[in-house]
There are 2 protein chains.
Amino acid sequence: MKMLINVAESVVADALRGMAAAHPELLIDVDRRLVVRRHAPVAGKVGLVSGGGSGHEPLHGGFVGRGMLDAACPGEVFTSPVPDQMVRAAAAVDSGAGVLFIVKNYTGDVLNFDMAAELAEDEGVQVAKVVVNDDVAVLDSLYTAGRRGTGATLFVEKLAGALAEEGAPLERVEALARRVNESSRSFGVALSACTTPAKGSPTFDLPAGELELGVGIHGEPGRERRGMMTSGEIADVVVEAVVEDLRPDAPVIALVNGMGGTPLLELYGFNAEVHRALAERKVAVARTLVGNYVTSLDMAGCSVTLCQVDEELLRLWDAPVSTPALRWGC
Amino acid sequence: MKMLINVAESVVADALRGMAAAHPELLIDVDRRLVVRRHAPVAGKVGLVSGGGSGHEPLHGGFVGRGMLDAACPGEVFTSPVPDQMVRAAAAVDSGAGVLFIVKNYTGDVLNFDMAAELAEDEGVQVAKVVVNDDVAVLDSLYTAGRRGTGATLFVEKLAGALAEEGAPLERVEALARRVNESSRSFGVALSACTTPAKGSPTFDLPAGELELGVGIHGEPGRERRGMMTSGEIADVVVEAVVEDLRPDAPVIALVNGMGGTPLLELYGFNAEVHRALAERKVAVARTLVGNYVTSLDMAGCSVTLCQVDEELLRLWDAPVSTPALRWGC
């Protein structure tokens with residue numbers, strides 16, 4: 001498998017160096033693996049910190065900036081960051097108003113963020129935590145007890161980030177983050193496996209002519225393998241799985257997400273089928289985001305995340321955001 | 001080759017339907033294959049129209065909006081749009097101030113835009129035209145007499161779009177577009193071939209362990225095949241090829257572009273090496289854009305485009321832009 005890298009050992013550090021070169025508006029500490037919003041901490045503002053294994057770019061570093069995250073902690077590829085990174089991030093962004101940790105539900109991430117929360121509290125930082133667990137495909141997956149955390153992370157980071165930007169106190173930001181997670185569901189499909197730099201070969205076998213329904217963002221097994229399906233058939237399976245679990249009775253924001261290796265031309269075509277499938281199920285779509293946001297390296301495939309919204313959540317979605325990967329209104 | 005599509009025949013129409021669903025701020029005519037900025041024509045403003053074969057998304061439809069294009073004409077995959085699309089686009093965006101056609105240098109595109117310019121002029125629309133030919137890799141390629149047009153298209157569309165937004169007359173917008181093209185050079189590298197929906201198999205053979213230096217955005221042959229190289233070695237070849245031809249004596253804007261199938265993690269790492277290679281050649285970088293902007297379906301690989309800038313071009317780069325794929329300042 002050919003990759004645009006130097007050596008596997010340095011891919012995360014190399015990417016952080018390149019991100020720093022492209023984004024002078026961020027403070028990037030390559031050695032300590034931290035991406036921090038410039039001018040942090042923002043006086044009086046709750047600090048938002050997330051992180052997780054690398055390989056899902058632009059998540060999380062690409063979501064650092066005004067109206068979203070204050071800091072991100074990238075781990076090695078598909079590997080949780082360590083508590084030390086999270087403690088440093090918390091210290092860097094705490095203005096005295098406290099810090100919210102946004103954690104995808106993988107065992108290593110949850111343990112490390114828990115440990116970091118204790119350490120940060122010992123240092124006088126008030127820490128709250130929300131665990132994102134939106135993936136309806138399976139329970140108790142390869143790295144997860146319960147449901148996996150995937151695309152809803154973007155919604156939690158964006159909506160809680162907008163509320164924090166307005167100056168809301170920690171308990172309100174935390175409650176909103178929890179509400180966003182509870183209002184969101186995801187389901188993913190792999191058309192190919194992904195290849196980690198360290199392994200150099202696909203992380204799982206997906207035979208020619210088959211796809212994996214319900215795949216995880218590290219290639220964890222989903223619900224089932226099937227013979228290749230059309231975009232419309234895939235949209236029906238994905239939308240049905242999400243809607244059946246979410247049972248929305250209000251409009252949703254739809255994230256039609258690429259896993260990394262699927263062309264945007266195909267993603268837009270898939271979005272048409274997702275909208276068709278949602279309309280058939282009487283689900284109204286208030287906003288749609290199409291693109292590669294929560295990826296799995298070079299995996300071909302897609303996922304759909306729906307977040308049911310009310311007026312407040314829609315207002316927070318439309319609020320200004322200025323990060324490398326998500327930017328509008330400012 | 002598995003694809004997220006219904007049938008090959010409908011991929012462009014499907015993508016336009018999906019784009020319309022995601023972007024209510026654009027007027028998308030699926031049948032006539034047109035993407036038009038809402039509220040076009042803008043009174044007193046020169047209209048910018050581009051287009052080309054599909055498969056390079058977000059180019060060009062993703063660049064329609066305030067501060068960039070007024071309309072885009074998507075052709076079939078890797079196939080020029082037809083003059084009828086361009087004539088309709090010109091009519092839709094002409095406020096009386098005239099229209100600039102921005103054309104990538106491929107024989108079919110140039111012929112069709114030429115014919116469309118004549119037809120539009122017959123209908124009373126004043127049309128100017130700039131042909132983008134920035135790819136230094138080869139002369140007289142598979143679909144091109146002279147140099148191919150690639151990444152500089154983004155610079156021409158952004159910078160001329162910003163000038164048009166300020167209300168500059170057609171001859172100034174045209175002259176600036178020409179200057180941007182002349183100030184820009186590109187070079188691309190393929191780590192894998194791409195697969196068109198119609199063919200369903202890779203458009204060319206690239207053996208395991210080899211890369212193609214100087215590849216075109218349709219997989220056209222480049223300068224040479226070599227055994228696999230590190231990201232740093234690739235950056236040296238690419239930067240040397242561009243700098244040798246451009247010979248910049250002022251700062252540049254760098255587009256570090258993914259071909260579609262290369263993870264953002266790798267692109268950022270490559271950007272670090274591009275910056276290192278530019279620093280070694282005493283080239284100052286004023287701005288950097290990293291991501292998938294001028295793609296070749298699922299091709300793995302990258303390209304670098306440099307645009308030498310002065311104060312005016314840098315100001316136009318920083319000016320507000322609001323399109324699906326490029327958005328800042330508004």
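**A buried glutamate, a helix and an interface**

Me: In which strand is Glu212(B) found?
Reply: This is a predicted model. Glu212(B) lies within residues 210–213 of chain B, and that strand is β8.

Me: Is Glu212(B) buried or exposed?
Reply: The cut-off for buried is under 20% relative accessible area. Glu212(B) has 6% relative accessibility, so it counts as buried.

Me: Which backbone nitrogen does the side chain of Glu212(B) reach?
Reply: Among the residues in contact with Glu212(B), leaving aside neighbours within four places in sequence, are Pro221(B), Gly222(B) and Glu224(B). The side chain of Glu212(B) comes to 2.6 Å from a backbone nitrogen, that of Gly222(B).

Me: With which side chain does the side chain of Glu212(B) make a polar contact?
Reply: Arg225(B) is one of the residues in contact with Glu212(B), once neighbours within four places in sequence are set aside. The polar contact, at 2.4 Å, joins the side chain of Glu212(B) to that of Arg225(B).

Me: Over to chain A. Which backbone oxygen does the side chain of Thr144(A) reach?
Reply: Thr144(A) sits in the loop between β6 (127–132) and α4 of chain A. Its relative accessible area is 5%, so Thr144(A) is buried. At 3.0 Å, its side chain reaches the backbone oxygen of Asn105(A).

Me: How far apart are the end C-alpha atoms of helix α4 of chain A?
Reply: The helix covers residues 152–165, which is 14 residues. At 1.5 Å a residue it should span 20 Å. The model agrees with that, because the end C-alpha atoms are apart by 19 Å.

Me: How many residues of α4(A) are buried?
Reply: The helix has 14 residues. It is largely enclosed by the rest of the structure, because the buried ones number 13.

Me: Which residue takes a positive phi just after α4(A)?
Reply: The place to look is just past the end of α4(A). There a phi of about 95° is taken by Gly167(A).

Me: Now the interface. What area is buried between chain B and chain A?
Reply: 55 residues of chain B are in contact with 55 residues of chain A. Carbon and sulfur atoms give 64% of the buried area. The total is about 4,200 Å².

Me: Which three residues supply more of the area that chain B buries against chain A than any other three?
Reply: Together the three account for 22% of the area that chain B buries against chain A. They are Lys2(B), Leu4(B) and Leu265(B).

Me: With which residue does Glu273(A) form a salt bridge?
Reply: The rule finds 2 salt bridges across the interface of chain B and chain A. In the one made by Glu273(A), the closest N and O atoms are 3.3 Å apart, and the partner is Arg17(B).

Me: From where comes the largest share of the side of chain B that touches chain A?
Reply: Across the interface, 22 residue pairs are in polar contact. Elements of chain B that each supply at least two residues of this side include α1 (11–22), α6 (231–246) and α7 (264–280). The largest share is 11 residues, and it comes from α7(B).

How values were computed
Residues are numbered from 1 along each chain as its sequence is written. Chains are lettered from A and ligands numbered from 1 in the order in which they are written. This is a predicted model: local features need pLDDT of at least 70, side-chain atom pairs count only at pLDDT 80 or more; totals for chains, interfaces and linings use all residues. Side-chain values use heavy atoms; hydrogens and water are left out. Contact means heavy atoms within 4.5 Å. Buried area is the accessible area (1.4 Å probe) that two parts lose on being put together, summed over both. A salt bridge is a side-chain nitrogen of Lys or Arg within 4 Å of a carboxyl oxygen of Asp or Glu. A polar contact is a pair of N or O atoms within 3.5 Å; within protein, one must be able to donate a hydrogen and the other to accept it, and residues adjacent in sequence count only if both atoms are side-chain atoms. Helices (H or I, at least four residues) and strands (E, at least two) are DSSP runs, numbered from the N terminus. The expected span of a helix is 1.5 Å times one less than its number of residues. Buried means under 20% relative accessible area, exposed over 50%, partly exposed in between (1.4 Å probe, protein chains only).
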